[in-house]
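Subject: Structure handover

Hello,

Here is the structure I said I would pass on. My notes on what I found follow below it.

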Amino acid sequence: MEKKWWHGKTAYQIYPKSFLDTNGDGIGDLRGIIRKLDYFKDLGVEILWLSPIYCSPLADQGYDISDYYGIDPRFGTMEDMDELLSQAGRRGIHILMDLVVNHCSDEHPWFQAACRDPEGPYGRYFYIVDRPADGSLPCNWRSAFGGSVWSPLPGHPDKLYLHIFHRKQPDLNWENPEVRQEIYKMVNWWLDKGLSGFRIDAIINIKKHLPFENYPADRADGLCSIEYMLANAHGVIDFLDEMADAAFRPHDAFTAGEVFHEKEEELPRFIGDRGVFSSMFDFAETLLGQSPLGWYDNKPVTPEMYKAACFASQKRVEGVGFLCNIIENHDEPRGVSHYLPPEGRHTAGKKLLAGLNFMLRGLPFLYQGQEIGMENRRCRSIDEVDDISARDEYQVALAAGLGPEEALAAVNRFSRDNARTPFQWDGTENAGFTDGTPWLPVNENYREINLSAQMEDPDSLWNFYRALIALRKSPTYAEAVVYGDLIPWLREQENLMAYLRKGEEKTLLVLGNFQNAAQTAVLPGAVRKVLLNNLHEFTAEAGRVQLEPWQFLILEVAR
Ligand code: NOJ
Ligand code: CA
């Protein structure tokens with residue numbers, strides 16, 4: 001495998017709206033990110049992905065872009081962006097933006113022009129069709145946020161346009177070469193400005209299986225998940241290869257695809273040496289327990305399920321490329337609330353989850369607040385929920401016969417708001433996020449969970465993450481941590497997640513006792529050194545190590 005500039009780094013996702021507000025309007029901003037660049041330097045993070053900050057009506061929190069070349073005034077100005085790029089560069093920090101090109105906003109000039117003249121050139125930028133005379137829809141696909149993917153074209157009751165996501169996010173027509181050229185031009189414009197690359201949103205959806213056709217309905221609404229269409233769609237890689245040649249490859253950009261439902265045989269073309277992307281996120285764990293019926297029907301994730309999914313992902317990409325490893329992002333519940341059972345939701349358990357995920361082969365991608373163990377937020381009423389997908393899932397649960405309280409409980413477990421509450425900087429009002437009123441309330445636990453307290457505590461989760469990041473860069477161990485083979489260890493031992501990272505010189509054993517009871521584990525060789533321990537106890541004798549409840553260890557072992 002070819003070595004790449006980004007392999008040994010640690011990446012971090014910023015959700016700008018909730019990061020740090022510097023002008024008291026309750027909305028995080030670019031100046032807030034600039035102010036905290038030294039924080040990342042200190043933590044050891046070298047790649048930052050910013051969720052969208054482009055001009056947007058924020059119908060889907062910026063994933064609905066009305067001007068790809070502009071910064072939304074709520075986040076700052078282009079001067080702020082330029083300053084962020086240069087200040088980050090001075091600190092050796094790379095900036096990625098979010099590339100949202102499956103769709104734009106219905107307020108983008110392209111869509112406005114399409115509405116004015118659906119038969120004109122901009123009509124072909126989108127999927128616009130005549131409404132069938134019998135009042136039916138061109139196909140029965142369900143949009144990601146509920147209801148049909150088809151909505152009437154404003155001003156043209158006889159026409160419909162396609163939106164896989166919200167109706168304010170019309171899909172761009174990638175079959176049209178003019179659309180593709182416009183996109184590549186924009187991508188190059190940003191890369192020329194000094195951006196190091198992109199996280200690429202919802203990208204599998206750009207290739208539609210045409211002509212539009214129905215698939216068997218999978219819910220009582222008579223609609224079907226978009227997955228059925230995607231399974232039949234072929235050719236996404238050809239579009240992406242063209243984009244990579246036109247923009248990514250000439251800039252040696254780092255790109256991380258948000259890819260779901262890829263075809264197995266396409267994996268090398270996605271992230272292999274000549275892949276269209278540098279990497280893609282591993283969503284296998286996030287998909288565990290998910291029901292096709294909706295959030296209300298999701299099953300809990302057990303440690304055994306988590307372990308199996310991580311190892312399966314590692315196996316899939318062995319010899320192919322690097323995945324981006326995550327425990328959460330802005331679309332997911334907080335990892336510590338989702339993967340740890342209630343009895344493990346303490347500092348030791350959080351460190352275990354941190355270490356097990358961070359030490360997997362691939363690029364660790366932290367999400368803001370993960371480093372201090374931020375947790376899900378509990379809403380007492382659906383009116384407190386901002387997230388459009390959570391509001392839809394609440395209705396889905398009610399329609400399935402759940403009472404309002406049960407439906408709210410489901411929403412509380414999976415709402416995207418969980419990860420979007422403001423960053424908890426300190427124990428002062430609003431967790432130090434803003435002097436004004438935060439756009440989304442701060443999690444009530446900010447007095448117990450905040451950065452300032454954790455920076456002072458040598459045993460904090462934050463200091464543990466810092467140690468993990470330092471290990472990934474340490475001259476002695478980096479080779480094993482970054483490139484070492486991953487070999488599952490004692491795979492069948494229940495609630496033990498353990499693996500070897502076998503480098504050229506060093507072999508590491510990563511051990512996590514994923515339960516509330518002690519257990520012992522056989523060692524593959526003599527212990528040379530304890531590199532990281534989330535507890536103070538360490539007992540190894542007669543070829544076995546004693547693991548306390550929730551204990552996590554990284555050991556250097558003889559090979
Ligand atoms: C994935 C993004 O992460 C999510 O937040 C967004 O709603 C959809 N794509 C649509 O852009
Ligand atoms: Ca602000």
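How many residues lie between strand 19 and strand 20 in their hairpin, and which residue in the turn has a positive phi? There are two residues between the strands, and the residue in question is Ala-542, with a phi of about 50°. Before the rest, please note that this is a predicted model.

The sheet around that hairpin

Strand 20 covers residues 544-547 and is joined to strand 17 by four bridges. Its pairing with strand 19 is made over three bridges, also in the antiparallel sense. Gln-546 of strand 20 stands opposite Thr-520, and Thr-539 stands opposite Gln-546 as well. Val-545 is the bridge partner of Ala-521. As for the faces of strand 20, Val-545 and Leu-547 make up the covered one, while Arg-544 and Gln-546 make up the uncovered one. In a regular strand, side chains alternate between the two faces of the sheet.

Strand 21

Strand 21 (residues 552-557) is largely enclosed by the rest of the structure, because six of its six residues are buried. Both of its faces are covered. On one side the buried residues are Phe-552, Ile-554 and Glu-556; on the other they are Leu-553, Leu-555 and Val-557. Note that Glu-556 is on this buried list.

Strand 21 has antiparallel pairings with two strands described here. Strand 16 (residues 507-513) is joined to strand 21 by six bridges, and Leu-509 stands opposite Leu-555. Strand 18 (residues 527-533) is joined to strand 21 by five bridges, with Ile-554 as the bridge partner of Leu-532.

The calcium site

Which residues supply the protein donors of the calcium ion (ligand 2)? They are Asp-21 (OD), Asn-23 (OD1), Asp-25 (OD), Ile-27 (O) and Asp-29 (OD), at 2.3 to 2.4 Å from the ion. Their spacing in sequence is D-x1-N-x1-D-x1-I-x1-D.

Helices

Helix 4 (residues 109-116) has Trp-110, Phe-111, Ala-113, Ala-114 and Cys-115 buried. The buried residues of helix 4 pack against strand 4 (67-71), strand 6 (128-130), strand 7 (150-153), strand 8 (156-162) and helix 5 (177-193).

Helix 12 (residues 388-399) and helix 13 (residues 404-414) form a packed pair. Their axes come within 9 Å and cross at roughly 140°, and the crossing is right-handed. From helix 12 the contact uses Ala-390, Glu-393, Tyr-394, Ala-397 and Leu-398; from helix 13 it uses Pro-404, Ala-407, Leu-408 and Val-411. By type, these contact residues are eight nonpolar, no polar and one charged.

Two loop residues

Arg-380 sits in the loop between strand 13 (363-367) and helix 12. Leaving aside neighbours within four places in sequence, Arg-380 is in contact with Leu-408 and Glu-444. Leu-408 also takes part in the contact of helix 12 with helix 13. Arg-380 and Leu-408 are 28 residues apart in sequence, with their C-alpha atoms 7.9 Å apart.

Is Pro-342 buried or exposed? Its relative accessibility is 60%, so Pro-342 counts as exposed, the cut-off for exposed being over 50%. Pro-342 is found in the loop between helix 10 (335-339) and helix 11 (347-358). Pro-342 and Trp-295 are 47 residues apart in sequence and 19 Å apart in space, C-alpha to C-alpha.

Regards

Conventions: Residues numbered from 1 in each chain as written. Chains lettered and ligands numbered in written order. Predicted model: local features only at pLDDT ≥ 70, side-chain atom pairs only at ≥ 80, totals over all residues. Heavy atoms only, no water. Donors = N, O, S within 2.8 Å, 3.2 Å for Na, K, Ca; no water. Pairing = 2+ DSSP bridges. Buried < 20%, exposed > 50% of the residue type's maximum accessible area, 1.4 Å probe, protein only. Contact = heavy atoms within 4.5 Å. Axes fitted to C-alpha atoms, helices over the stretch in contact; angles between N-to-C directions. Left-handed = near helix turned anticlockwise from the far one by under 90°. Nonpolar A, V, L, I, M, F, W, Y, C, P; charged D, E, K, R; others polar.
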